[in-house]
Amino acid sequence: MPAFRIRHQTIYDYSSPVSLAPHQLYLRPRGDHRLKLGASTLTLSPPAEVVWRNDMYGNSVASARFNGATSQLQVISELEVETFPRSEQQRRLLIEMGVAHYSPLEGQILAPFIQQPPDTFEAVSAWIRSGPQKPKGTYDRLLECAARIRHEFDYRVRFEPGLQTPAETLGLHSGTCRDFAELMIAAARSIGCAARFVTGYVFTPNAAPGSSSPHAWAEVYLPALGWIELDATNGLVDDGDLIPVASAASGAELTPISGAYFGATSTMKVAVDVLKVA
């Protein structure tokens, strides 16, 4: 099975000494049958009092409290993980063995992951209808939507914070991985599937040291498969090179590092290394 070492360094430089409010850090994966966490180290400078908790989605969150003033904040997360991907043959077998529709209880529990604003539903549904209309099962329709996002839209680096709405991405025909994740989520919801936003990392062969960055993709819930990873940016499905860290109903709820400071301006540098070791 694929195994990785990950180093994620973020440095904030402030124009003058600042006081840091408590910060929330989504940097540690939660292990399950798809991911085994071998080691996890979090280093903060200046040092902080760190307390771990699970949020309402079950994600691992570090809450950090700082004392005193500082001109720089450095956050380094180091991970060792192993992933256990499913093959296309395994996914097809599960679909043949499983049921096609949500039970009433599943529909009730998954409702927050299915609902979306009417204007988003209308815009994305029109985009889906503009594509091939061959009869397909739900799984194949999802694969088709992911493939269309990858081939019809241009990936571009965008440093502004926040997310484009699916309608904005449709209008611009471009976006970042997080924008494509939001569009994939909206497409899945428009055909009646529960979907959620995932933040984590992806292994990219031959990447220069420190040149990688946090990644984002969608997960969609099918009764026969459970949550399935759909990375429309790279065309990956349930792939072992995807390393999930946290998930939520929307990307607006997930920022790897968040927190306030007072009294200055800041600049940020991020360097991520994802090394495949097996």
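Apart from neighbours within four places in sequence, Asp179 is in contact (heavy atoms within 4.5 Å) with Arg158, Leu163, Gln164 and Thr169. The structure is a predicted model, in which local features need pLDDT of at least 70 and side-chain atom pairs count only at pLDDT 80 or more, while totals for chains, interfaces and linings use all residues. Residues are numbered from 1 along each chain as its sequence is written, and side-chain values use heavy atoms, without hydrogens or water.

Asp179 belongs to helix α6; helices (H or I, at least four residues) and strands (E, at least two) are DSSP runs numbered from the N terminus. With a relative accessible area of 0%, Asp179 is buried, a term for values under 20% with a 1.4 Å probe and protein chains only.

The largest pocket has a volume of about 1000 Å³. A pocket is an open set of points, on a 1 Å grid over the protein atoms alone, where a 1.4 Å probe fits, with protein on both sides within 12 Å along at least five of seven lines; lining residues have an atom within 4 Å of a point. Of its 32 lining residues, Arg158, Arg178, Pro214, Pro256 and Met268 are the closest to the centre. Two or more lining residues come from each of β1 (3-28), α6 (177-190), β8 (194-202), β9 (215-222) and β14 (266-276).

The second largest pocket holds about 400 Å³. Its lining comprises 25 residues, with Asp32, Arg34, Arg196, Glu219 and Pro244 closest to the centre. At least two lining residues each are supplied by β8, β10 (226-231) and β12 (242-248), and β12 gives the largest share, five residues.

How values were computed. Grid points are joined across faces, edges and corners, and a volume is the space filled by probe spheres set on the points. Buried means under 20% relative accessible area, exposed over 50%, partly exposed in between (1.4 Å probe, protein chains only).
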